[in-house]
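Subject: Structure handover

Hello,

Here is the structure you will be working with. Please open it beside this email and follow along.

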Amino acid sequence: MFIEDIRTSRRKIPLHTPFKTALRTATYIESITVTIYLENGLAGRGEAAPTWVITGDSSESIQAALEGPIKQAILQQDIRHFQSLLVAIQNSCIGNTSAKAAADIALHDVYSRWMGVPLYQLLGDYQSLKTSMTIGVDDPKKMAKDADKWVEKGYTSLKIKVGAKPELDMDRILAIREVIPSEILLRLDANQGWTPKQAVQLIQEMERINAGIEFIEQPVKANDLEGLKFVTDNVKTPIMADESIFSPQDAFKIIQGHYADLINIKLMKSGGIYNALIIADLAMVNQVPCMIGSMMESSYSVGAAAHFAAAHPNVIYYDLDAPLWLTEKPEVIEYQGEKVSLSTGEGISGVDK
């Protein structure tokens, strides 16, 4: 059963609320769709969204990689050589992790449809999922108001964006803590916004006042591994590596050097599900728990990430709220408060053959 055609398209999706982090403010996303067609008419879909400040990928570069070296690597190849095709995607070009992720997702989608099972079943399991809700970085009063709103809607864990102005971060946490119950866990994401010394000082102060911080993502610059280790070694709160880890090789280095306690896997960084599984397996062997995260991206690619997370026992934290920021209705993934549900039909979308 051969891959007969590969086509791409691009669309823009507005956000209903600006999404603010220490790295950028987004008011819309661009999503590049790739569709893989088999000779029997079956099709599989993947999507990717560019995030210049993290992956370095643009809409143009994603589409060019998909229509160029990635297409060349797998067109007219037999879908029965599924694992070899996944490797071919990864070897098709240097970098371009978002484009590789889109192609990898599409290949997983069409293969699981060809096998007649949901993607999570192809990957081997199904565990229930519940997402945190992100509170964008802003002035303390606005962040406290947003946090209170989402707790009232039933969310039991909040992801708090910090790092844009480190001198305000303690005020942000104190303001949020004043309005939400103590049992609500806070997950802080500094998006590389602190220096190592700032991170240690801030985290130790949060520990001193018992601020209820579950873990902290990427406190320092992605390439400052010694700084990351300095923070990990000098605080009690678990530290999660995010932008520091793209590949399995990155994960191996972080784990072996004890640079962080936890790993955030994102398909747009790893190049898709193939490498995400390797990272999660590697981390599991070394007793390092993982989170599934997402960029500001479409519900389709977030849905693929959710299938991966539902199937892997070492993925125990879930950050899958990106589609809830978009003006379009989520597809392939359903939200009931913090609970995330997936279709039991074939592939990612559940559309039958």
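In which helix does Arg177 lie? Arg177 belongs to helix α6, which covers residues 169-179. Keep in mind that this is a predicted model.

Arg177 is buried, yet it has no salt bridge. For a salt bridge, a side-chain nitrogen of Lys or Arg has to be within 4 Å of a carboxyl oxygen of Asp or Glu. The nearest side chain of opposite charge belongs to Glu183, and it is 7.2 Å away. What the side chain of Arg177 does reach is the backbone oxygen of Gly212, at 3.2 Å. Leaving aside neighbours within four places in sequence, the residues in contact with Arg177 are Ser182, Ile184, Leu185, Leu186, Ala211 and Gly212.

Helix α6

Arg177 is one of the buried residues of α6; the others are Asp169, Met170, Arg172, Ile173, Ala175 and Ile176. An α-helix has 3.6 residues a turn, so residues three or four places apart point the same way.

The eight-stranded sheet

Those strands are part of an open sheet of eight, in the order β5-β6-β7-β8-β9-β10-β11-β12, with parallel pairing. β5 (133-135) and β12 (315-318) stand at the edges with a single partner strand each, so one side of each has no neighbour in the sheet. On average, neighbouring strands here are turned by 30 degrees against each other, direction ignored. As an example of the pairing, three bridges join β10 (residues 262-265) to β11 (residues 290-292). Ile265 has Ile292 in β11 as its bridge partner.

The three-stranded sheet

Another open sheet has three strands in the order β4-β14-β13, and its pairing is antiparallel. Its edges are β4 (129-130) and β13 (333-336); each has a single partner strand, so one side of each is left without a neighbour in the sheet. Two bridges join β4 to β14 (residues 339-342), and the bridge partner of Lys130 in β14 is Lys339. Helix α12 (residues 299-311) packs on this sheet and touches β4, β13 and β14. The direction of α12 makes about 80 degrees with that of β13.

Regards

Notes. Residues numbered from 1 in each chain as written. Predicted model: local features only at pLDDT ≥ 70, side-chain atom pairs only at ≥ 80, totals over all residues. Heavy atoms only, no water. Pairing = 2+ DSSP bridges. Helix = DSSP H or I, 4+ residues; strand = E, 2+ residues; numbered from the N terminus. Contact = heavy atoms within 4.5 Å. Axes fitted to C-alpha atoms, helices over the stretch in contact; angles between N-to-C directions. Buried < 20%, exposed > 50% of the residue type's maximum accessible area, 1.4 Å probe, protein only. Lys, Arg positive; Asp, Glu negative; His and termini not counted. Polar contact = N/O pair within 3.5 Å; in protein donor to acceptor, adjacent residues only side chain to side chain.
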